[in-house]
Amino acid sequence: MKRRTAGSPNRKRPNPEIKSRSNGFGKQPMRPLFRWVGGKQHLAHRLAEYVPSDLSDRLYREPFFGAGSLFFFIRPRRAVLSDLNSDLIHAYRFVREKPELVARYLSSHARNDSQNYYYDIREEYNYSAHFTAAQSARFLYLNRTCFNGIYRVNLDGDFNVPYGKKENPVFPDGAHVRAASTALRKAKLREGTFEVNLRGTSAGDFIYLDPPYPPLNGTSFFAHYTQDRFPVEEQERLADLVRKLDKTGALVLMSNADLPLIRRLYRGFNRMNLRVPRYVKTGKKKHAVDELIITNYEIQV
Ligand SMILES: C[S@@+](CC[C@H](N)C(=O)[O-])C[C@H]1O[C@@H](n2cnc3c(N)ncnc32)[C@H](O)[C@@H]1O
């Protein structure tokens, strides 16, 4: 079946719910609010098959939240969601607390969208001292219209991604923002590193880990998510932590790149190649790398 994306020209206002699919957990799956580098929107239905079926008895933890494609697809009741990108987490908080206001500001940005307007809003975003519902809507507007949905800041911490010149940018409408607010109602939203936010994990918790990809063959393969990068040493620290979490009795599902480094770090865990290549551009070169699923529990798919 041809995958329809939120960006298809004939679908300017996609329904927040993915009608054609069931998520396997008795809820209607939802599209994420953001475009996100490394986002798993296209894979969420595949990943959901690997999630334990007794999820409703477990606390769902996602410390590399980004656009939260899997979370919005399965919509767990109790969750701890976190990311190093603090503006992203602030934006989610206002989506949850003030969905009507965020949607109203966003629809005004959507109506006014143009290259000049984008740069005005980018400046307002960078000069705003406080995070508010208006700032959350600016964040959403910039995300939907910037080049490739990248989040990148300069050394002063200013968001500096150029206008994306997309022909038909798609903006979440009121129904989508409200649905996201409902999905996030019982979630704890936290900013910070995966290490800090996985403290307090208990036996039985379910953790979905979707870290940035590691460097590929020494090429600069880092995604521009935040001021920080995710070098090999971070992948190693994450693998050490996963071994500790495994001993704690938590269930861990990870998506990562199918590279020798990652296979080596997770030796002894269940590892499955999803046969879904992802193309990542570094300079003028395109690299294809398959998605690898890693779990510390038996899976029957
Ligand atoms: C591959 S993206 C996650 C995409 C997400 N699963 C989705 O479907 O949209 C990785 C995320 O990790 C975050 N991140 C990077 N380094 C981190 C760290 N050290 N601790 C926590 N989050 C980090 C980035 O800000 C980014 O949002």
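Helix α3 passes helix α6 in a left-handed crossing, where left-handed means that the near helix is turned anticlockwise from the far one by less than a right angle. The model is predicted; local features need pLDDT of at least 70, side-chain atom pairs count only at pLDDT 80 or more, and totals for chains, interfaces and linings use all residues. Residues are numbered from 1 along each chain as its sequence is written. The axes of α3 (residues 86-97) and α6 (residues 133-145) come within 9 Å and cross at roughly 120°. Axes are lines fitted to C-alpha atoms over the stretch in contact, with angles from 0 to 180 degrees between N-to-C directions. Helices (H or I, at least four residues) and strands (E, at least two) are DSSP runs, numbered from the N terminus.

D87, H90, A91, F94 and V95 of α3 meet A133, S136, F139 and L140 of α6 (contact: C-beta atoms, placed from the backbone, within 7 Å). This contact has 6 nonpolar, 2 polar and 1 charged residues.

Strand β4 (residues 206-209) pairs with β1 (residues 60-62) in the parallel sense, over 2 bridges. Pairing requires at least two DSSP bridges. I207 is the bridge partner of R61. Strand β5 (residues 251-257) also runs parallel to β4, joined by 4 bridges. Here Y208 stands opposite L253. F206 and Y208 point one way from β4, I207 and L209 the other, and all are buried (20 or more other C-beta atoms, placed from the backbone, within 10 Å of the residue's own).

The ligand is surrounded by 22 residues; the closest are G38, G39, G66, A67 and S69.

Technical notes:
Two residues are in contact if their C-beta atoms, placed from the backbone, lie within 7 Å. Ala, Val, Leu, Ile, Met, Phe, Trp, Tyr, Cys and Pro count as nonpolar, Asp, Glu, Lys and Arg as charged, and the others, Gly among them, as polar. A residue is buried if 20 or more other C-beta atoms lie within 10 Å of its own, exposed if 12 or fewer, and partly exposed in between; C-beta atoms are placed from the backbone. A residue is near a molecule or strand if its C-beta atom, placed from the backbone, lies within 6 Å of it.
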